[in-house]
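Me: I'd like to learn how to read strand pairing and charged contacts in a model like this one. Could you walk me through it?

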Amino acid sequence: MAEDLEQITNDLERHVKLAEDRLNQLKYLQADFENYRKWSEKEKAVVIALANESLIKDLLVILDDFDQAIPSLEKEENREGLLMIRKKMMKILSEYGLQPIECEGKKFDPHFHEVISKERCQQESDTILKDFSTGYQLKSKVIRPSKVKIAEHFAENEGENNGKREDYRN
């Protein structure tokens with residue numbers, strides 16, 4: 001009877017250990033599945049964002065066409081209609097996270113701007129003077145940088161020596 005009790009105790013310990021091992025395996029599988037589910041959701045969001053980005057980049061061409069057409073229609077009746085359509089389009093695109101990059105009068109930033117030309121003037125160097133083509137951000141990502149003209153500081157007294165200082169030491 002003592003042997004039977006010892007055998008039953010050993011079997012019970014073995015089964016308890018086996019049950020604990022299976023429980024640990026289930027916990028790992030559950031954690032792995034949860035990680036996979038989170039990764040899958042992130043991946044899905046990235047795919048959607050990339051699809052939106054591609055579509056929005058294609059629509060920027062239409063916005064550019066509006067921006068070029070509207071000034072030429074100053075005295076025409078169609079101007080107000082085109083302005084309304086452009087405004088609606090920008091409202092919809094802004095709901096998806098599209099924002100124009102503001103730049104005139106600001107400092108040049110290579111992450112947001114592309115220099116097309118420079119102009120020597122009295123303003124501080126690297127100040128944006130003109131925005132040739134509006135840049136856009138989709139959420140926090142720049143999808144098209146602004147094409148700009150920046151200032152190169154030119155002091156009035158630099159003209160005589162081509163901007164070079166003379167050394168007056170003997």
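Reply: Happy to. Keep in mind that this is a predicted model.

Me: In which sense do E2 and strand E6 pair, and over how many bridges?

Reply: The general idea is that strands of a sheet pair through backbone hydrogen bonds, in a parallel or an antiparallel way. Here E2 and strand E6 (residues 146-153) run parallel, with 8 bridges between them.

Me: What is the strand order of the open sheet?

Reply: Its 3 strands follow the order E2-E6-E3, and the pairing is mixed. Strand E2 (113-121) and strand E3 (128-133) are the edge strands, each pairing on one side only. From one strand to the next, the twist averages 25°.

Me: Now the charges. How many salt bridges does a search of the whole structure find?

Reply: Side chains of opposite charge can pair when their charged atoms come close. The search finds 11 salt bridges. One of them joins Lys-57 and Glu-53, at 3.5 Å from N to O. These two are 4 residues apart in helix H1 (residues 2-72), so about one helical turn separates them.

Me: Are Lys-91 and Glu-95 buried or exposed?

Reply: Both are exposed. Their side chains form a salt bridge of 3.2 Å, N to O, and both lie in helix H2 (residues 78-95).

Me: Which parts does the salt bridge of Asp-64 and Arg-144 tie together?

Reply: Their side chains meet at 2.7 Å, N to O. Asp-64 lies in helix H1 and Arg-144 in strand E5 (residues 141-144), so the pair ties together parts 80 residues apart in sequence. Both Asp-64 and Arg-144 are buried.

Notes:
Residues are numbered from 1 along each chain as its sequence is written. This is a predicted model: local features need pLDDT of at least 70, side-chain atom pairs count only at pLDDT 80 or more; totals for chains, interfaces and linings use all residues. Side-chain values use heavy atoms; hydrogens and water are left out. Two strands pair if DSSP finds at least two bridges between them. Axes are lines fitted to C-alpha atoms, for helices over the stretch in contact, and angles run from 0 to 180 degrees between N-to-C directions. A salt bridge is a side-chain nitrogen of Lys or Arg within 4 Å of a carboxyl oxygen of Asp or Glu. Buried means under 20% relative accessible area, exposed over 50%, partly exposed in between (1.4 Å probe, protein chains only).
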